[in-house]
Amino acid sequence: MILTSLAVLASSLVLPLQQAFAGTLTTVVNFNGTNGGTPKAGVFAGSDGNLYGTTSTGGSQSKGTAFKLTGSTFSTLTTLVNFTGTNGTNPVARLFQATDGNLYGATFVGGTNNAGTLFKLPKTTFTTLTTLLNFNGINGANPAGRLISGSDGSLWGTTSAGGVNSKGTVFKIPLTGGVPTVLVNFNGTNGATPLARLQLASDKNYYGTASAGGATNKGVAFKLTPAGVITSYSFSGANGQNPRSGLTESGGFLYGTTYLGGTSNKGAIFKVPLGGGTPVLVASFNGTNGANPTAAVTKGSDGNFYGTTSTGGANNKGAIYRLAGGTLTLLFSFNGTNGATPESTLIQLASSAFYGTTSTGGASGQGSVFKFIP
């Protein structure tokens, strides 16, 4: 791959406040197709202090990219990999850095069977892609959530389709690749179509969500033992519906979001107790305070949760919110010019600033990376 570096001007414009509790949002990078487009996943901070991410489209083949952001404002974009189809297409999952220092990721489609891939970007340049696995349907298909490190040192993940019932899987695979071990074949009753990462909790079990299936086909939260025993807990609509996010552990509970459901059927924040249990409604989105979240909540340094919604807010183009106790507060509304349709989980750096992506909007309409200070 040819390493291409693009110096992308960071916007110094402080956008007008759109609600009483608004913070300051600065556009760090505008995607324009050439440097990537439509980022579905968020960025993360690598061990070298740079930010890394993926775009689901754009690049030299219009099939997506992996990139890094460097500089004091992270405004210099370097394309690490252009996806070609053969090595994967449309990465929608966040990159992940394992303890070996390498980056690992997944593409939703592409590869030898057009069912998605797992790949490695070896340190320290992260510019040479190694395909670890081509999904073939039987072992899963269409991974959408990022990989995590399991307690056994393997990579653990989910596929949104494939498996023996064509409803998705949970799998693990060595860091070196090879034949995956399918731990769960979703069957509808125990869930279907998982779109998010797993969470390895303090009780040594894995927790996650599936966006469909369960008792009412509104999705499930599940607990998975290291041996592969799954217990699923169904959503009813009142406590949320169609979860698309991973879970975040805090204070003996695991918190997550649902795309629909809650009191206004515009999405909800829920919690399940560590050890498993029926999801409990924490707060509901109503459109004004955001709607249709696809991202997980992030616990801030102040102890509150922060997140994004893909629609809703003052312009119905997405929002940033804070959850303090059971109270949701709208912090910022996207307007298209400053980005739209944020679908990814926020990260908070030591500076206390949050960073995230929008999948549309921005100067070229192809998404952005932004910095937000509440």
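Tutor: A term is needed at the outset: a residue is buried when its relative accessible area is under 20%, exposed when that area is over 50%, and partly exposed in between. Please also keep in mind that this is a predicted model.

Student: Is Lys172 buried, exposed or partly exposed?

Tutor: The relative accessible area of Lys172 is 22%. Buried requires a value under 20% and exposed a value over 50%. Lys172 therefore falls in between and is partly exposed.

Student: With which residue does the side chain of Lys172 meet in a salt bridge?

Tutor: Side chains of opposite charge can pair when their charged atoms come close. For Lys172 the N to O distance in the salt bridge is 3.0 Å. The partner in this salt bridge is Asp152.

Student: How many residues apart are Lys172 and Asp152, and where does each lie?

Tutor: Lys172 belongs to strand S13 (residues 169-173), whereas Asp152 is in the loop between strand S11 (148-149) and strand S12 (155-159). The pair thus links distant parts of the chain. Asp152 is partly exposed at 40% relative accessibility. The separation of Lys172 and Asp152 in the chain is 20 residues.

Student: How many salt bridges does the structure hold, and which residue meets Lys40 in one?

Tutor: The structure holds two salt bridges. In one of them the side chain of Lys40, a residue that is partly exposed with a relative accessible area of 31%, takes part at an N to O distance of 3.1 Å. The residue that meets Lys40 is Glu343.

Student: How many residues apart in sequence are the parts that the pair of Lys40 and Glu343 ties together?

Tutor: Lys40 lies in the loop between strand S2 (24-30) and strand S3 (44-45). Glu343 lies in the loop between strand S26 (327-333) and strand S27 (347-348). The pair therefore ties together parts whose separation in sequence is 303 residues.

Student: What is the volume of the largest pocket, and which residues are the closest to its centre?

Tutor: The largest pocket has a volume of about 630 Å³. Its lining comprises 26 residues, which divide by class into 13 nonpolar, seven polar and six charged. Glu343, the salt-bridge partner of Lys40, is among the closest to the centre.

Student: Which strand gives the most to the lining of the largest cavity?

Tutor: The structure holds one cavity of 30 Å³ or more, and the largest cavity has a volume of about 40 Å³. Its lining divides into six nonpolar residues, three polar and one charged. Strand S16 (206-210) and strand S17 (220-224) each supply at least two lining residues. The strand that gives the most, with three residues, is S17.

Student: Which residue in S17 stands opposite Gly208?

Tutor: An open sheet of four strands has the order S15-S16-S17-S18, with antiparallel pairing; its edge strands are S15 (199-200) and S18 (230-234). Within this sheet, S16 and S17 pair over five bridges. Gly208 itself is among the residues lining the largest cavity. The residue opposite Gly208 is Phe222.

Student: Is strand S26 largely enclosed or open, and what is the bridge partner of Tyr321 in S26?

Tutor: Six of the seven residues of S26 are buried, so S26 is largely enclosed by the rest of the structure. Strand S25 (residues 319-324) runs antiparallel to S26 and is joined to it by six bridges. The two strands form a hairpin with two residues between them, and Gly325 in the turn has a positive phi of about 65°. The bridge partner of Tyr321 in S26 is Leu330.

Terms used:
Residues numbered from 1 in each chain as written. Predicted model: local features only at pLDDT ≥ 70, side-chain atom pairs only at ≥ 80, totals over all residues. Heavy atoms only, no water. Salt bridge = Lys/Arg side-chain N within 4 Å of Asp/Glu carboxyl O. Buried < 20%, exposed > 50% of the residue type's maximum accessible area, 1.4 Å probe, protein only. 1 Å grid on protein atoms, 1.4 Å probe; cavity = no way out; pocket = protein on both sides within 12 Å on 5 of 7 lines; lining within 4 Å. Points joined across faces, edges and corners; volume = space filled by probe spheres on them. Nonpolar A, V, L, I, M, F, W, Y, C, P; charged D, E, K, R; others polar. Pairing = 2+ DSSP bridges.
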